[in-house]
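Thank you all for making the time this morning. I would like to walk you through one model, beginning with the chain as a whole and then turning to two places on its surface.

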Amino acid sequence: MISCQEESWLTQEANMNRQHFAFEKSITLNETNETLKDREILVKWYLRNAKAEILEAHEIL
């Protein structure tokens, strides 16, 4: 099972007193193996725009 934890403006405290503030955007991918056997897996993920066009492709082994 793979889950994704997203950090963006909804999860960070905004300092409205600053004139220009930026939110750090990031994700954390979590993988879970619920079997009793060790597994080596390849995780592929894509960053897409609103039209579902691929902007970036990534692989993690």
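What follows is a short tour of the fold, a nonpolar patch and a charged pair.

Please keep in mind that this is a predicted model, in which local features need pLDDT of at least 70 and side-chain atom pairs count only at pLDDT 80 or more, while totals for chains, interfaces and linings use all residues. Residues are numbered from 1 along each chain as its sequence is written, and side-chain values use heavy atoms, with hydrogens and water left out.

Let me start with the overall picture. The protein chain has zero helices and four strands, where helices (H or I, at least four residues) and strands (E, at least two) are DSSP runs numbered from the N terminus, and the order of elements from that end is β-β-β-β. Of the 61 residues, 3% are buried; here buried means under 20% relative accessible area, exposed means over 50%, and partly exposed lies in between, with a 1.4 Å probe and protein chains only. The accessible surface comes to about 6,100 Å², and 50% of that belongs to carbon and sulfur atoms, the areas being computed by the Shrake-Rupley method with a 1.4 Å probe and, for residues, with only the protein chains shown counting as cover.

Now to the patch. Which residues make the nonpolar surface patch of about 330 Å²? They are Ile 2, Ile 27, Leu 29 and Ile 60, under a definition that takes residues with over 30% relative accessible area and no salt bridge, joining like charges within 9 Å and nonpolar side chains (Val, Leu, Ile, Met, Phe, Trp, Tyr) within 5 Å. Leu 29 sits in strand E2, residues 26–31, and counts as partly exposed because its relative accessibility is 31%. Ile 60 belongs to strand E4, residues 54–60, and is likewise partly exposed, at 46%. Beyond its neighbours within four places in sequence, Ile 60 is in contact (heavy atoms within 4.5 Å) with Ile 41, Leu 42, Val 43 and Trp 45.

The side chain of Lys 44 forms a salt bridge with that of Glu 59, at 3.9 Å from N to O, the criterion being a side-chain nitrogen of Lys or Arg within 4 Å of a carboxyl oxygen of Asp or Glu. This pair links distant parts of the chain, with Lys 44 in strand E3 (residues 43–48) and Glu 59 in strand E4, 15 residues apart. Lys 44 is partly exposed at 48% relative accessibility, whereas Glu 59 counts as exposed at 55%. A search of the whole structure finds one salt bridge.
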